[in-house]
Amino acid sequence: MSRTPEFLPLSDDAVHAVSGPSGRHAALIEDAFKVLIETPGGGVTITGDARGRTGAKRVLEALANRADAGEEVVEADVRIALGVAHQAGGQASPRAVRKGNVSPKTKGQARYMEAMASHPLSFGLGPAGTGKTFLAVAHGAGMLLRGEVDRLIVTRPAVEAGEKLGFLPGDLNEKVDPYMAPVWEALTDIMGADQLRRRREKLEIEVAPIAFMRGRTLSHAFVIVDEAQNCSRLQMKMVLTRLGEGARMVVTGDPTQVDLLNPRDSGLAHAVSILEGVEGVAVSRFTSADVVRHPLVERIVKAYDADAAQNTPR
């Protein structure tokens, strides 16, 4: 396997930005792509196999473009670029690195990101692997990092619709965290473990099971309601009406994956059916064409869609 060095010419500001404090940014990229990054002057040298060099080069170019535009490059930006690269099989566009914003890989993702930016309440509906949760987390984290909101709150049904959390050991976070793993993984990619921990300790980032949202008014917060297909209609109405001044909410879920005992009680499909078209509400629907995980995932989704269509009563 070839490990030919490749030189990428960069400005001095860009070299400084992609290296990071004590070489931290470069080290993150090296670990992600199994390459060696050196700064001989006038740019950087990337040593590794062809695939690793390609992925690292795209991330480096994205960070360099940000630096050359006079914008600050921090660890969160590096992690966003790396997260996008892993989502897209090692590719990150130069537009991918903006705090909390990831460049879309499909038209569906582009519409979803535009909806989150322009509507107080957005719904993201579709199959696994389409980036619904990752993009919502990235958008919310970006608003928090820029000071546009005071808190990032993530809520989802835990265990089952009845949320029997009292039987689980530990405090609230220990009870809920196992069910929030995808969200924490995305936040770690975007913000880094240290910053995520500090912001959680300051209660700027909070997990809140649906049952614990009752009676609260969420002001100046970005709220993500994840796995919302498993919210009952009453839970959905309750959480939607928590929105306070300066708050925004994104509701994500797959209406075809309802785990409730009575699927017709799902609050997600019901909420969309009565709120779509209401001023301030956006609905984004993803299909198998928006899947950005392993190519096999798209084929799996298509196979299930075809089976569902074949077995739908006429």
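# Chatting through a predicted model

Q: Hi! How many helices and strands are there in the chain?
A: Hello! The chain has twelve helices and nine strands. Keep in mind that this is a predicted model.

Q: Okay, and what percentage of the residues count as buried?
A: Of the 314 residues in the chain, 50% count as buried.

Q: What share of the contacts with a separation of 6 or more comes from residues 24 or more positions apart?
A: Those pairs account for 71% of such contacts in the chain.

Q: Let's talk about the inside. How many residues are in the largest nonpolar core?
A: The largest nonpolar core has 30 residues. L187 and I205 have the most contacts inside it.

Q: Which helices and strands supply at least two residues each to this core?
A: On the helix side they are α5 (107-118), α6 and α8. The strands are β5 (151-155), β6 (205-207) and β7 (221-225).

Q: And which one gives the most to this core?
A: That's α6, which contributes nine residues.

Q: You mentioned I205. What is I205 in contact with, leaving aside neighbours within four places in sequence?
A: I205 is in contact with L144, L152, W184, L187, M191, L196, R199 and R200.

Q: Back to α6. At what angle does it pack with α8?
A: Helix α6 (residues 132-145) and helix α8 (residues 181-191) pack at about 50°, and their axes are 9 Å apart. The two helices are therefore oblique to each other. Their crossing is right-handed.

Q: Which residues make the contact?
A: From α6 you have T133, F134, V137, A138, A141 and L145. Helix α8 brings V183, A186, L187, I190 and M191.

Q: How many of those are nonpolar, polar or charged?
A: In the contact of α6 with α8, ten residues are nonpolar, one is polar and none is charged.

Q: What about α8 and α9, how do they pack?
A: Helix α8 and helix α9 (residues 193-201) pack at an angle of about 115°, with 7 Å between their axes. That makes α8 roughly perpendicular to α9.

Q: Which residues meet there?
A: W184, L187, T188 and M191 of α8 meet A193, Q195, L196, R199 and R200 of α9. This contact divides into five nonpolar, two polar and two charged residues.

Q: New topic! Which residues in α2 are buried?
A: In helix α2 (residues 24-33), the buried ones are H25, A26, L28, I29, E30 and F33.

Q: What comes up just after α2?
A: K34 does, with a positive phi of about 55°, although K34 is not a glycine. K34 sits in the loop between α2 and β2 (36-38).

Q: Is K34 buried or exposed?
A: K34 counts as exposed, because its relative accessibility is 62% and the cut-off for exposed is over 50%.

Q: Where is H220, and what is its phi?
A: H220 is in the loop between β6 and β7. H220 has a positive phi of about 50° and is not a glycine. At 34% relative accessibility, H220 counts as partly exposed.

Q: Last one: where does S232 lie, and what does S232 touch?
A: S232 is in the loop between β7 and α10 (233-240). S232 is buried, with a relative accessible area of 13%. Not counting residues up to four places away in sequence, S232 touches L260, D265 and G267.

Note on methods
Residues are numbered from 1 along each chain as its sequence is written. This is a predicted model: local features need pLDDT of at least 70, side-chain atom pairs count only at pLDDT 80 or more; totals for chains, interfaces and linings use all residues. Side-chain values use heavy atoms; hydrogens and water are left out. Axes are lines fitted to C-alpha atoms, for helices over the stretch in contact, and angles run from 0 to 180 degrees between N-to-C directions. Helices (H or I, at least four residues) and strands (E, at least two) are DSSP runs, numbered from the N terminus. Angles under 35 degrees count as roughly parallel, over 145 as roughly antiparallel, 65 to 115 as roughly perpendicular and the rest as oblique. A crossing is left-handed if the near helix is turned anticlockwise from the far one by less than a right angle, and right-handed if clockwise. Contact means heavy atoms within 4.5 Å. Ala, Val, Leu, Ile, Met, Phe, Trp, Tyr, Cys and Pro count as nonpolar, Asp, Glu, Lys and Arg as charged, and the others, Gly among them, as polar. A nonpolar core is a set of buried Ala, Val, Leu, Ile, Met, Phe, Trp, Tyr and Cys residues joined through side-chain atoms within 4.5 Å. Buried means under 20% relative accessible area, exposed over 50%, partly exposed in between (1.4 Å probe, protein chains only).
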